[in-house]
Amino acid sequence: MERLRPRGRQMFSGFTKGEIEKMEKLLEESGEQSLNRDFCQKVTKRFNRSSGRAGKPVIKWTEVYDWLQSRLQDLPKIEKRMSEIPKACPSNKTQESSQGPEVCMEQGQVEAILTSGEKSPDLSELEFEARSSKDGAWYDVAMFLTHRFLSSGEAEVRVRFVGFGAEEDEWVNIKQAVRERSVPLEHSECQKVKAGDLVLCFQERRDQAIYYDAHIVEVQRRMHDIRGCRCLFLVRYDHDSTEEKVRLRRLCRRPTYQI
C-alpha cells in the first residue's frame, strides 16, 4: 500500500514529529538559551499558527519549556554545530538536478522566484507548503533542496516534506505548487469565513486524511458554546468537486498576504 501523507491525521498525543524536529534543531543552535521564557513563547506561537496543528489543542509555552529542559538534561553536551560545519543537504540518489550535484537552495531564492520582483513584506520568517503531484494534497515544506529551470523557462524546486524522508522528495513547480503556509482558523474568526472563500480543508476518508484546497459553498451559523465555534461549513473540494459539511477546526485560511 502506498504510504499516506496525512498532515496531522493522528489524535493529539503531544508534539508532532515536525515540531520535535524543530525543537531538536533549536537546541543544537541555541543550547541553554532556548530555555528563555520569551524564546519559548515565540516558538509556541509559531507552532500554534502552523497548519500542521489544525484541529488540535493549542500548545502552552510551559510545555515547550519543559520539553526543551528535559531534552537538554538528556544530552551530555549541546554544540553549536550549525556555525562549525558547511551547510549541506541530505543525499538523494533518486533524481539529481540538471545543474549538477545537489546543494541546498536558499529560501531567498525561492522567495525571489515566487514574488518575481513584486512588492512584498519581510519574508524571512515565512514557512511554506507544497502540493504533491502524487495525490494533489498540500504538505508542509521542511526544506528546499535544489532547483532547476525547464526548457519552457518555468522553475521547479525539489522539496522535502516535513516528517518524510528523502525517498518522498518531489520536484514541484514553484509558481503553481509552492506557497506560504496556510493558517488554522481560530474560533473567533468564523464570522470572517464566507461563501466563495478559498480554504485548505482537512479531508478525512477511510483510507486517508490529508489537506486539500476547497471553496466554501455555504455557511450555517450557529451559537457558540464552551467548545467554541459550532457553525457548519459546506465545502467543495477543488480536486474532485465533492462536497461535505465540516467544522471550523478542519479549515485553514490563506494568509492575508498571498504570494
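In this predicted model, the charged end of Arg179 sits over the ring of Trp138, at 3.6 Å from its centre (NZ of Lys or CZ of Arg within 6 Å of the ring centre and within 35 degrees of the ring normal). Arg148 places its charged end over the ring of Trp171, 3.9 Å from the centre. Residues are numbered from 1 along each chain as its sequence is written. Because the model is predicted, local features need pLDDT of at least 70 and side-chain atom pairs count only at pLDDT 80 or more, while totals for chains, interfaces and linings use all residues; side-chain values use heavy atoms, without hydrogens and water.

The whole structure contains 5 aromatic pairs (rings of Phe, Tyr and Trp, the last by its six-membered ring, with centres within 6.5 Å; planes under 30 degrees apart are stacked, over 60 edge-to-face, the rest tilted). Phe128 and Phe144 form an edge-to-face pair, because their planes meet at 70° with the centres 5.6 Å apart. Phe128 counts as buried at 2% relative accessibility, as does Phe144 at 7% (buried means under 20% relative accessible area, exposed over 50%, partly exposed in between, with a 1.4 Å probe and protein chains only). Phe202 and Tyr211 are both buried.

The largest nonpolar core has 33 residues (buried Ala, Val, Leu, Ile, Met, Phe, Trp, Tyr and Cys joined through side-chain atoms within 4.5 Å). Val159, Phe233, Val235, Leu248 and Leu251 have the most contacts inside this core. Beyond its neighbours within four places in sequence, Leu248 is in contact (heavy atoms within 4.5 Å) with residues including Leu185, Cys190 and Phe233. A second, separate core of 12 residues includes Leu35, Cys40, Phe47 and Leu72.
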